[in-house]
Each structure stands twice: as C-alpha cells, then as structure tokens.
Amino acid sequence: MADNIARVFADAIAPDPARPLLTWYDDATGERTELSGATLANWVAKTANLLVDEAGVAPGDPVGVLLPPHWQTAAVLLGCWSAKTTVVDRPTPVDVLFTAVDRVDEAARWPAGERYALALDPFALPMRQVPAGCADFVGAVRGHGDHFTPYPSGGEADAALLARARARAAELGLRAGDRLLVDVTRHPDPVDWLLAPLTAGASVVACAHPDPTRLPSRTETEKTTHTLP
C-alpha cells in the first residue's frame with residue numbers, strides 16, 4: 001500500500017485521465033469548474049516545478065498554505081506533496097507561503113521566503129493588483145513545466161495523512177469509480193474532500209456555501225454516489 005501521496009494521486013488518475021476527477025462549485029458566486037485527472041495533474045506538476053525550480057525548495061522544507069478548499073488549493077497541496085515538502089497551516093517560519101488574497105494580513109505574521117497570493121478566480125485569471133511582497137501564483141505557475149517526476153518516497157507526513165484518508169474512505173464506503181459530494185464549508189479538511197476520494201480511486205464534487213435547494217438536483221446531474229453533507 002503506497003505511503004506516498006504523489007503515487008496515490010498518480011494511481012487514482014491512471015485508469016482514465018480524461019474522466020472528471022474534481023468538480024468545484026461555489027453557490028455563493030455561481031462558480032462551477034470541472035477538472036479531469038489530466039488537467040489537475042498538469043497544475044500539480046507546474047506547482048511542484050515552481051517550488052523546486054523557482055523557490056528552490058528541497059525535500060522536507062516547510063511550506064505554508066493559507067487557502068480555503070478550492071480546486072486551486074488542491075493543485076497547491078498536491079504540488080507541495082509531490083515536491084516532498086512539509087505542509088504547515090500555522091504560523092511558523094516557512095520557505096514558501098501560499099495565501100489567499102483575503103488572508104494577506106494574516107500571512108504577514110508568517111516569516112517566509114517566497115510568497116504567492118491566490119485570488120482563486122473561477123477562470124484562473126491573473127490578478128490585476130498583486131499584494132505587496134507577493135507574487136501572483138497564477139502568473140508565476142503558468143511558465144513552469146507540465147511534467148514533474150515525484151520523489152520515490154513520500155514526505156514525513158504522507159503516511160499519517162494517507163492513513164487518515166483511508167480510514168475516512170472506509171467510513172464513507174468509497175470504492176473505485178464512486179463520486180463523492182462534499183460540503184467543504186462544513187468539511188474543510190483536505191483529508192475529507194481531497195485525499196479520502198483519491199485513496200479510494202473515487203472522484204469528488206466539492207461544494208462551497210452549498211444551496212440546500214440545489215443539492216438534490218446536483219446529486220442527480222453530477223451522478224454522485226456518496227454524500228458528506
């Protein structure tokens with residue numbers, strides 16, 4: 001059983017890279033974004049290359065992630081794990097910090113080397129105004145390579161995270177080919193909305209600020225098999 005998150009991700013998309021892997025909704029904004037395994041893998045590779053080639057991180061280096069659940073957050077997290085960095089979400093010195101634009105003031109309390117801000121635009125458009133002291137993640141990541149070869153072994157936290165994810169997947173009864181609908185406003189832990197489905201070979205429909213009146217039809221249109229309300 002793989003204890004490497006990058007390997008688990010690769011195994012999850014291998015059977016059909018073109019199938020929808022992560023579908024993102026935000027009912028507060030009307031956003032819907034659907035990524036195939038291949039598309040998400042492209043974003044993950046670019047993020048990992050940005051970390052290694054531009055930010056100069058090495059395996060084990062700490063990287064801060066101050067981001068809400070979002071499809072771009074999935075790319076950042078999987079890119080960090082592919083580059084074998086240690087992801088942290090509490091103020092501590094880090095080599096790289098990824099922050100949402102609405103958390104820049106909070107991010108300023110973190111001692112950090114490189115800082116990347118994310119507007120989390122529905123179409124991944126570059127920011128018109130980049131916060132002082134930060135680079136625009138979308139603008140920076142697009143110039144990096146589409147392929148990244150992960151390290152043979154996972155990071156220090158991979159085994160523990162995957163153990164939690166497998167336990168969650170078993171609790172939910174997830175199997176390969178299933179499709180999980182998750183209210184990420186109530187379940188923001190990436191173990192719930194990202195890693196648990198990946199360990200089971202399932203796909204996910206992640207909903208922020210879900211409108212309860214839309215959920216029944218969404219279950220039907222997205223052909224979900226399990227729900228984490």
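Predicted model: local features only at pLDDT ≥ 70, side-chain atom pairs only at ≥ 80, totals over all residues.

Modeller: Strand E8 gives the most to the lining of the second largest cavity, with three residues. Two elements give two or more residues to that lining, namely strand E8, residues 179-183, and strand E10, residues 226-228. The complete lining consists of Leu 181, Val 182, Asp 183, Pro 210, Leu 215, Thr 227, Leu 228 and Pro 229. Sorted by class, these residues are six nonpolar, one polar and one charged. The space that they line has a volume of about 40 Å³.

The two strands named above are also partners in a sheet. E8 and E10 run parallel and are joined by three bridges. Within this pair, Leu 181 stands opposite Thr 227 in E10, and both Leu 181 and Thr 227 belong to the cavity lining. The sheet itself is open and has five strands in the order E2-E1-E9-E8-E10, with mixed pairing. Strand E2, residues 31-36, and strand E10 each have a single partner strand and stand at the edges, so one side of each has no neighbour in the sheet. From one strand to the next, the twist averages 15°.

H7 lies across E1, E8, E9 and E10, and its direction makes about 170° with that of E8. The lining of the largest cavity draws two or more residues from each of strand E1 (20-26), helix H7 (190-200) and strand E9 (203-208). Of these, H7 gives the most, with four residues. The residues that line the largest cavity are Leu 21, Leu 22, Leu 40, Trp 193, Leu 194, Pro 197, Leu 198, Ala 202, Ser 203 and Val 204. By class, that lining has nine nonpolar residues, one polar residue and no charged residues.

Helix H6, residues 158-172, meets H7 at an angle of about 80°, and the two axes are 8 Å apart. This angle makes H6 roughly perpendicular to H7. On the H6 side, the contact is formed by Leu 161, Leu 162, Arg 164, Ala 165, Arg 166, Arg 168 and Ala 169, which meet Val 191, Asp 192, Leu 195, Ala 196, Thr 199 and Ala 200 in H7. By class, this contact has eight nonpolar, one polar and four charged residues.

A further sheet deserves mention for context. It is an open sheet of five strands, ordered E4-E3-E5-E6-E7, with parallel pairing. Strand E4 (86-88) and strand E7 (135-136) stand at its edges with a single partner strand each, so one side of each is left without a neighbour in the sheet. Strand E3, residues 62-66, pairs with strand E5, residues 94-100, in the parallel sense over four bridges, and Val 63 stands opposite Val 96 in E5. Helix H2, residues 37-54, lies across E3, E5 and E6, running at about 140° to E5. Helix H3, residues 71-82, packs on the sheet as well, where H3 touches E3, E4, E5 and E6 and makes about 170° with the direction of E3.

Technical notes: Residues numbered from 1 in each chain as written. Heavy atoms only, no water. 1 Å grid on protein atoms, 1.4 Å probe; cavity = no way out; pocket = protein on both sides within 12 Å on 5 of 7 lines; lining within 4 Å. Nonpolar A, V, L, I, M, F, W, Y, C, P; charged D, E, K, R; others polar. Points joined across faces, edges and corners; volume = space filled by probe spheres on them. Pairing = 2+ DSSP bridges. Contact = heavy atoms within 4.5 Å. Axes fitted to C-alpha atoms, helices over the stretch in contact; angles between N-to-C directions. Parallel < 35°, antiparallel > 145°, perpendicular 65-115°, else oblique.
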